[in-house]
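Colleague: I would like to go through the charged side chains in this model with you. Could we begin with the terms?

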Amino acid sequence: MSNIADTGDDGPRKPLLHSGSWYRMGSRTSSIVSSSIQIIREGKASVVLCVLIVALGPIQFGFTCGYSSPTQSEIIHDLGLSISEFSAFGSLSNVGAMVGAITSGQIADYMGRKGSLIIAAIPNIIGWLAISFAKDSSFLYMGRLLEGFGVGIISYTVPVYIAEISPQDMRGSLGSVNQLAVTIGIMLVYLLGLFLHWRVLAIIGILPCTMLIPGLFFVPESPRWLAKMGMMEESETSLQVLRGFETDISIEVNEIKRSVASSSKRVAIRFAELKQKRYWYPLMVGIGLLVLQQLSGINAVMFYSTNIFESAGVKSSNFAAFGVGAIQVIATLVTTWLIDNAGRKLLLIISSTIMTVSLLVVAVAFYVEVAVSQDSHLHITMAVLSLVGLVAYVIAFSLGVGAIPWIIMSEILPINIKGLAGSVATLLNWTTSWVVTMTANLLLVWSSGGTFMIYGIVSALTVVFVILWVPETKGRTLEEIQCSFR
């Protein structure tokens with residue numbers, strides 16, 4: 001199908017779906033659609049709209065992550081599960097996500113960023129239906145695995161797509177929308193979990209992906225992916241739509257062409273070539289950040305927040321968990337505003353430093369609580385201190401370590417190894433998440449103080465890692481970032 005067809009007096013028409021772009025319409029287009037197109041043609045409105053549509057995927061991600069916290073007691077009671085069986089249910093999304101992560105890069109490379117998101121949405125919908133109609137643990141487990149598979153693909157594809165369509169001066173802020181959407185999903189499931197039965201909550205979990213699928217037909221494909229696939233004309237059309245029809249895109253087009261030409265000289269990368277700094281260094285940074293992100297214990301806190309609050313002496317633990325979810329959304333909003341001004345590296349250092357201090361405070365508070373009488377004033381003080389430390393930890397995580405590792409991973413990986421390397425980084429992130437989720441309940445039973453001490457040590461190591469090895473990527477094009485490793 002040709003990208004530009006001559007339609008006489010009606011002006012040029014271009015296909016809506018091939019690169020998924022917004023195009024000039026003919027004179028017979030309705031006034032409502034015409035006005036919408038005009039808005040999108042202005043400046044950067046198009047790229048913002050595209051990011052908001054694909055953000056439905058991370059909302060699904062967050063809804064899946066948070067689902068086990070408010071539903072634990074109801075599911076255990078209704079289906080007669082043991083604590084260990086429910087822990088398996090909570091962690092199975094991570095197992096599914098590991099499988100999704102293995103395939104995510106290859107699917108995104110062969111099917112496109114949009115195609116991979118459509119593929120990810122389908123098992124999510126089926127998984128939520130399986131959970132909502134589950135009569136025993138088997139359907140519950142199957143649904144959780146399917147959800148996880150879809151989320152594994154989403155967790156790689158969305159940050160990569162956002163990075164590839166964003167202008168360099170907005171890439172950090174728009175990239176942060178990925179984590180912001182995750183926190184909104186978590187907050188929503190905590191809020192709705194206060195009032196709704198777990199089966200109804202699972203039905204509502206279908207909505208983000210149900211809206212995502214039709215929404216994807218109205219966003220452009222990544223111009224960098226199109227260029228990589230040799231569709232340069234479609235790539236330029238997509239980029240023009242994203243930057244506005246009146247914007248000169250020639251410089252950015254030439255940078256993309258040079259990058260693609262350079263990476264296309266060798267399609268297959270031999271293992272020995274990974275020893276080159278241009279490959280091993282960005283891969284090491286991407287994997288390191290994504291693994292340390294999970295080892296800091298965030299999923300343990302979010303998956304089992306209700307139980308953690310109960311152990312800290314909070315009676316309304318579900319309301320407290322919702323409060324933490326809301327705080328996380330607000331903190332991530334602040335990150336979205338700060339990241340293109342303060343830079344990635346500085347925010348990561350500040351975030352991981354505050355996380356370290358907060359986790360150590362929580363650890364000490366839990367140690368003291370165990371040592372003193374429950375009726376003592378000191379016990380109450382330590383319970384409050386542990387909650388303050390926990391909230392500070394969530395805020396600090398949201399300010400940097402939550403969003404920025406995904407942004408940096410999507411920025412620094414060379415385009416010719418992005419699929420494979422991104423899959424490996426995402427797989428290791430989900431594998432670490434699974435280990436943390438599986439061990440969290442056991443560790444908390446062993447020692448709440450000891451558990452948070454371990455997470456605090458990992459956060460301290462994150463500070464060191466960021467200072468020594470993580471480059472600043474603020475204000476640079478993707479091509480400039482990747483050239484800096486050569």
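Modeller: Buried means under 20% relative accessible area, exposed means over 50%, and partly exposed lies in between. Please keep in mind that this is a predicted model.

Colleague: Then are Asp340 and Arg344 buried or exposed?

Modeller: Asp340 is buried, and Arg344 is buried too. These two residues form a salt bridge, with 3.0 Å between the closest N and O atoms.

Colleague: How many salt bridges are there in the whole structure?

Modeller: A search of the whole structure gives 11 salt bridges. One of them pairs Arg243 with Glu252, where the closest N and O atoms are 2.8 Å apart.

Colleague: Are Arg243 and Glu252 buried or exposed?

Modeller: Both Arg243 and Glu252 are buried.

Colleague: Let us change topic to Lys257. Which side chain does Lys257 meet in a salt bridge?

Modeller: The side chain of Lys257 meets that of Glu236, at 3.6 Å from N to O. This pair links distant parts of the chain, 21 residues apart. Lys257 lies in helix α12 (residues 250-263), whereas Glu236 lies in helix α11 (residues 232-243).

Notes. Residues are numbered from 1 along each chain as its sequence is written. This is a predicted model: local features need pLDDT of at least 70, side-chain atom pairs count only at pLDDT 80 or more; totals for chains, interfaces and linings use all residues. Side-chain values use heavy atoms; hydrogens and water are left out. A salt bridge is a side-chain nitrogen of Lys or Arg within 4 Å of a carboxyl oxygen of Asp or Glu. Helices (H or I, at least four residues) and strands (E, at least two) are DSSP runs, numbered from the N terminus. Buried means under 20% relative accessible area, exposed over 50%, partly exposed in between (1.4 Å probe, protein chains only).
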